[in-house]
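Hi,

Here is the structure I promised to pass on to you.

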Amino acid sequence: MNTRPIQFAGLALLLLTATAFASPPEKKGDASAPEGIQVPKPPFSEGIFPCTSCHDGKSMKVDTHRRELGMHSEIQEILHHGPNRWCLDCHDAQNRDRLHLAGGEPVAFTASYLLCGQCHGDKLRDWRLGIHGKRTGSWNGQKQYLLCVNCHNPHSPHFKPLKPMPPPTRPDDIKMAKGGSQ
Amino acid sequence: MTDIKPIQPPTGVPESGACGSRREFLGTAVATVAMALTGCGKLSKEEFLQHNFRELSKDELKTIIARLEREYEEKYHKAVKVGNEPAMPGVIFGYALDLSRCIGCRRCVYACVKENNQSRDPQIQWIRVLEMDKEEGVNIQHAEQYYNPEEVPREGHFYMPVQCQQCKRPPCVKVCPVGATWREKDGIVVVDYNWCIGCRYCMAACPYGARHFNWGEPHIDAADVNPNTHYLGNRPRPKGVVEKCTFCIQRTRKGLYPACVEICPTGSRKFGNLLDAKSEIREILENKRVFKFKEDLNTQPNFFYFYGV
């Protein structure tokens with residue numbers, strides 16, 4: 001009645017499954033590659049990208065201290081994205097043309113959903129499944145996705161209110177118009 | 001039974017002497033008398049004698065579509081294509097609308113009007129967006145469809161667009177006395193506008209207010225007419241018939257998303273094949289909190305509402 005081999009086998013299996021689940025859905029190398037999902041261009045403000053055209057590391061020294069900036073006041077004014085956020089939480093200090101995850105792994109602007117997904121994991125999951133966010137194109141074929149930032153301003157992500165289109169005409173008013181349109 | 005085919009004179013109404021057979025003669029005579037009695041003067045003889053869509057042979061359908069396209073071209077001075085794509089095998093369409101995301105901006109209403117050639121005057125809109133109290137929940141007693149604030153969403157409110165729910169047990173189909181409306185194999189409830197007699201029983205039967213009647217001659221500016229149409233969908237309708245949402249049959253049977261899905265700025269509208277286990281619609285049905293509108297009526301809609309958060 002030696003149960004030890006079975007126990008070992010069970011433990012090995014458990015470890016294997018644990019590692020399988022622990023490994024993230026994307027490998028580290030994929031962080032900058034948009035995993036085959038066709039996404040549109042990020043909605044940069046006019047003339048702001050590439051950031052390295054100013055932040056080239058020569059004309060301006062990299063200052064990683066949290067502070068009020070002289071530039072980008074339009075962003076600082078609207079920055080409402082959780083408490084205590086500041087630029088370099090997401091923007092990469094070494095290469096301004098990319099972003100970085102909390103662990104420091106670089107992420108391209110075209111794969112910014114990986115960055116968003118660090119906190120909003122449920123939304124990223126739903127977005128990949130097509131439940132969150134907008135898909136256009138073909139229900140049984142090629143689809144176009146939108147990046148998180150196409151709808152949510154990353155600096156102030158709450159979806160902005162819109163002016164509604166006109167309400168329907170009331171039946172009474174339609175009745176009056178009916179006679180004239182025949 | 002070859003003589004059952006409708007008469008197709010080369011152009012216009014033939015002279016009475018040109019009638020070849022007894023059937024043809026009687027057909028013309030009946031049509032003329034009926035036109036005189038009912039005042040349907042605008043109806044051509046072919047149109048009057050036309051059969052129900054489901055009984056048409058391929059050749060008959062071809063002739064009818066050619067006639068319709070000719071009529072539309074005369075009316076709008078541009079080519080209008082009338083398609084008749086059948087249901088795809090292995091497909092039943094389903095729709096899900098995220099009530100936690102819809103902000104009631106009505107973009108869908110107007111995209112639908114444009115895509116589906118709804119009359120601008122008198123106004124017909126297949127989608128109706130209801131503004132509801134968050135405190136009341138989904139309660140028709142507290143629904144407002146004429147809301148018009150500067151900005152939506154309004155504090156304390158949520159929005160529920162209602163359109164045809166494409167029921168599996170459609171009461172509208174059940175009451176139609178002439179069989180002018182039916183449920184297609186892919187789950188779309190359609191209307192044969194040439195067979196509809198305009199009795200509006202279906203409108204009384206529909207618990208969702210999804211059917212709309214052409215009280216007046218529908219008016220659309222020629223420039224606004226969408227020329228890509230389907231016989232059972234968005235082809236321009238005559239006065240006196242009922243129309244409804246068809247999940248954009250002219251688009252979805254070609255694999256495209258409906259126009260309301262494409263326009264929605266919040267991505268609240270989801271569409272797909274209920275028989276495809278990997279479709280987003282199935283993901284929603286299996287993983288989200290879903291409900292059917294007026295489920296107690298047992299109409300069994302293929303249109304679902306869900307909460308995405």
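Let me start inside chain B, where 15 residues of domain 1 are in contact with 15 residues of domain 2. Two residues count as in contact if their C-beta atoms, placed from the backbone, lie within 7 Å. Domain 1 of chain B covers 2-82 and domain 2 covers 83-309, with bounds that come from an automatic or database domain assignment. On the domain 1 side, helix 3 (58-76) and strand 1 (81-83) of chain B each supply at least two residues. Helix 3 of chain B gives the most, with five residues. By class, that side has nine nonpolar, three polar and three charged residues. Here Ala, Val, Leu, Ile, Met, Phe, Trp, Tyr, Cys and Pro count as nonpolar, Asp, Glu, Lys and Arg as charged, and the others, Gly among them, as polar.

A word on the ground rules. This is a predicted model, in which local features need pLDDT of at least 70 and side-chain atom pairs count only at pLDDT 80 or more, while totals for chains, interfaces and linings use all residues. Residues are numbered from 1 along each chain as its sequence is written, and chains are lettered from A and ligands numbered from 1 in the order in which they are written. Helices (H or I, at least four residues) and strands (E, at least two) are DSSP runs, numbered from the N terminus.

Now for the two chains together: 28 residues of chain A are in contact with 41 residues of chain B. On the chain A side, the elements giving two or more residues are helix 4 (121-129), strand 3 (136-137) and helix 6 (171-180). The largest share, three residues, comes from helix 6 of chain A. That side of chain A has 12 nonpolar, 11 polar and five charged residues.

Chain B also has an open sheet of three strands in the order 4-3-5, with antiparallel pairing; strands pair if DSSP finds at least two bridges between them. Strand 4 (143-144) and strand 5 (157-162) of chain B each have a single partner strand, so one side of each is left without a neighbour in the sheet. Strand 3 (residues 128-133) of chain B pairs with strand 5 of chain B over six bridges, and B:Asp133 has B:His157 in strand 5 as its bridge partner.

Finally, one loop residue: B:Ser279 lies between strand 11 (269-273) and helix 9 (280-287) of chain B. B:Ser279 is buried, with 20 other C-beta atoms within 10 Å (buried means 20 or more, exposed 12 or fewer, and partly exposed in between, with C-beta atoms placed from the backbone). Leaving aside residues up to four places away in sequence, B:Ser279 touches B:Gly272 and B:Asn273.

Best wishes
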